[in-house]
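Please read this note with the model open beside you, and check each point against the residues it names. The points are meant for a first reading and can be taken in order.

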Amino acid sequence: IVYKYNVSEKEFRGETVSFGGDFSSTSSHHANTVTQKYPVGREVSVYHDPVDLGNSVLEPGVTWKSYIIYGIGLVFLAVGLLVFIGPLCFIIFGTFIVAGAVTGAIGRNRSDNDPREMPFRNPTIDRSSAPPKNDTTDDGFDIT
């Protein structure tokens, strides 16, 4: 769409139909819709910038198409955050898993013996063979 308009007896030429509406596509649907709305020879109202008279538009205002660039930016931001946060989560959870495995393995070494077989917990063990109380040898058990 190309249109001409006059301001203060000076002729200008414009091509902008709406803000955010200048896009390219392989589909001719949008072009057909706009050309049917503004046929050749039809008189239309042209809105122009009072400071820059050559800056004009046929349909003033903001449309949803004006926000497409922001939507694309948000998609890139979301993908970037996922790329950054995803591995970070794997590192954090992996650290917890490794720490749990290590502490579990250490704890397992201490509790390999069944607690029911330990002399201080099993009341059925014959304590007559226990060393005397004044014996200073370490039997490996700490009783608190």
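The points below take up confidence, then one loop, then the salt bridges.

1. Before anything else, please keep in mind that this is a predicted model, so the confidence values deserve a look before the details do. The mean pLDDT of the chain is 77, and 67% of its residues reach 70 or more. In the chain, the value is highest in β2, at a mean of 93, whereas α2 has the lowest confidence, at a mean of 81.

2. The phi of S8 is near 50 degrees, which is a positive value in a residue other than glycine. Most residues other than glycine have a negative phi, and this is the background against which the value should be read. S8 has a relative accessibility of 70%, and because exposed means over 50%, it counts as exposed.

3. How many salt bridges does a search of the whole structure find? The search finds 2. As background, side chains of opposite charge can pair when their charged atoms come close.

4. One of the salt bridges joins R13 and E15, whose closest N and O atoms are 3.0 Å apart. The two partners fall into separate classes of accessibility, since R13 is exposed, with a relative accessible area of 54%, while E15 is partly exposed, at 47%.

5. The side chains of K37 and E59 also meet in a salt bridge, with 2.8 Å from N to O. K37 belongs to helix α1 (residues 29–37) and E59 to the loop between β4 (56–57) and α2 (68–110), so this pair ties together parts that are 22 residues apart in sequence. Are these two residues buried, partly exposed or exposed? E59 is partly exposed, with a relative accessible area of 23%, and K37 is likewise partly exposed, with a relative accessible area of 44%.

Terms used: Residues are numbered from 1 along each chain as its sequence is written. This is a predicted model: local features need pLDDT of at least 70, side-chain atom pairs count only at pLDDT 80 or more; totals for chains, interfaces and linings use all residues. Side-chain values use heavy atoms; hydrogens and water are left out. Buried means under 20% relative accessible area, exposed over 50%, partly exposed in between (1.4 Å probe, protein chains only). A salt bridge is a side-chain nitrogen of Lys or Arg within 4 Å of a carboxyl oxygen of Asp or Glu. Helices (H or I, at least four residues) and strands (E, at least two) are DSSP runs, numbered from the N terminus. pLDDT is the predictor's confidence in each residue, from 0 to 100.
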